[in-house]
Amino acid sequence: MFADYSLLLISAILVNNFVLVQFLGLCPFMGVSNKLEAAMGMSLATTFVLTLASACSNLTYHFLLQPLGLGYLKTIAFILVIAVVVQFTEMVMRKTSPLLHRVLGVYLPLITTNCAVLGVALLNISKDHSFLQALFYGFGAGAGFSLVLVLFAAMRERLTVADVPSPFKGAAVGMITAGLMSLAFMGFAGLV
Amino acid sequence: MIDYLLQYPLLAALTALVGLATAFGALLGYAAVRFKTEGNPIADEINNILPQTQCGQCGYPGCRPYAEAIANGEAINKCPPGGEAGIQALADLLDMEPTPLDSEHGDVKTVPSVAFIREAECIGCTKCIQACPVDAILGAAKQMHTVITSECTGCDLCVEPCPVDCIDMIPQQESMQTWHWDLPNPVSRSVDLIATDSVPGDVSQDRAA
């Protein structure tokens, strides 16, 4: 039981990393990785939303769509669920932590259309996860996203001051770095 | 109910989606009321840092409007009364790089000053009274005006509208209330305290390392 869940976590964080192995959620990966602080805030918010959205969409599917035989509506229903979860998070954050809201205010609507969030919800269904499994899978996806985003942001901060050949300056060397990181993460493939 | 819906898949789909949307709409509506924020909390925190002289040198009618403008992305270096310390505090709060004071909006005064009206020359036009942001000038039309020294923030705003130029900004005299110890002279600032085993001026060792 415990081994199952830890395996699920490791698989979601390292082996099937959402960004570098499954190539989901690439826009924030390239867009919000210029500064380390912004990347940390973004990864916190995304982890939170991923966990919550994974659990909520799982509940919606198993208690509403499946009993009525409406499996074909899952994409629309999940988009609705995700949008509400993100909006709710934004409202709570605006009230409880204005500074965090100021830092993340721009990114929260971006999370709504983050394909990793919809991806984790749909993968939960195709892998037939239970509620707890979905919760762990969502959290693992978020942790993997955070790990990769923070690592990448740290690298890009160093890249801005590095002596890069002028044709590769800026986004180009970022893309190359992301590719190399993805290759490195492929090395985890035999872990589980 | 479910059996009935299962017979009509279209009805089931409609009911499910409309039900879902209604439930979520209700949830968000409740959250909007429950987590309602009065005003702009970040503007409140900025307003607490601003010096509250209400001098308007930043181009806004007071400290509160400038705080709201900063919360919406205005530059933080337009407040001369706050000085460099104020800019530093704002930069810390907003997690921004501190920028030097914008001299367009006035310079930092090292000594606080107080307005003084040469009463013999005052013609009682009340223009300075209208300009004063803190109501520190007393007077009426065709009567001479005077400044309440304890209320004056030294913002210079009354000097410009005076038609007879009878207002002087006098540096505040040091009194028992305003005198304070000088801060200790920061000698250590000029000395490089970072430990190093290289001899100063020895370039060859740095190259070798």
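**A close look at helix α8 of chain A**

Tutor: Let's start with F136(A), which is found in helix α8 of chain A. Keep in mind that this is a predicted model, and that the predictor gives the complex an ipTM of 0.71 and a pTM of 0.62.

Is F136(A) buried or exposed? A residue counts as buried if 20 or more other C-beta atoms lie within 10 Å of its own. F136(A) has 22 C-beta neighbours inside 10 Å, so F136(A) is buried. Now look at who is there. Leaving aside neighbours within four places in sequence, F136(A) is in contact with Y5(A), L8(A) and L9(A). Then find T51(A): T51(A) and F136(A) are 85 residues apart along the chain, yet their C-alpha atoms are separated by 7.5 Å.

Next, the helices that α8(A) packs against. Take α7(A), where the axes of α7(A) and α8(A) are 10 Å apart and the packing angle is about 150 degrees. This crossing is right-handed. On the α7(A) side, the contact is made by A116(A), V120(A) and N124(A), while α8(A) brings A134(A), Y137(A), G138(A), A141(A) and F145(A). Here's a handy bit of background for reading lists like that: an α-helix has 3.6 residues a turn, so residues three or four places apart point the same way.

While we're at α7(A), check its length. This helix covers residues 115-126 of chain A, and at 1.5 Å a residue its 12 residues should span 16 Å; the end C-alpha atoms are 16 Å apart, so the two agree. Which of its residues are buried? They are A116(A), V117(A), L118(A), V120(A), A121(A), L123(A) and N124(A). Those buried residues pack against α3 (36-65), α4 (74-96), α6 (107-112) and α8 (131-161) of chain A.

α8(A) and α9(A) pack at an angle of about 140 degrees, with their axes 11 Å apart. Angles over 145 degrees count as roughly antiparallel, and α8(A) and α9(A) are therefore oblique to each other. Their crossing is right-handed. From α8(A), the residues involved are F152(A), M155(A), R156(A) and L159(A); they meet V173(A), G174(A), T177(A), A178(A) and M181(A) in α9(A).

Finally, step back to see chain B beside chain A.

A word on confidence before you go. Chain B averages a pLDDT of 79, and 83% of its residues score at least 70. Over residues 202-209 of chain B, though, pLDDT stays under 50, and there the model has 3 contacts beyond four places in sequence.

Notes. Residues numbered from 1 in each chain as written. Chains lettered and ligands numbered in written order. Predicted model: local features only at pLDDT ≥ 70, side-chain atom pairs only at ≥ 80, totals over all residues. pLDDT = per-residue confidence, 0-100. Contact = placed C-beta atoms within 7 Å. Helix = DSSP H or I, 4+ residues; strand = E, 2+ residues; numbered from the N terminus. Expected span 1.5 Å × (residues − 1). Buried ≥ 20, exposed ≤ 12 C-beta atoms within 10 Å, placed from the backbone. Axes fitted to C-alpha atoms, helices over the stretch in contact; angles between N-to-C directions. Parallel < 35°, antiparallel > 145°, perpendicular 65-115°, else oblique. Left-handed = near helix turned anticlockwise from the far one by under 90°.
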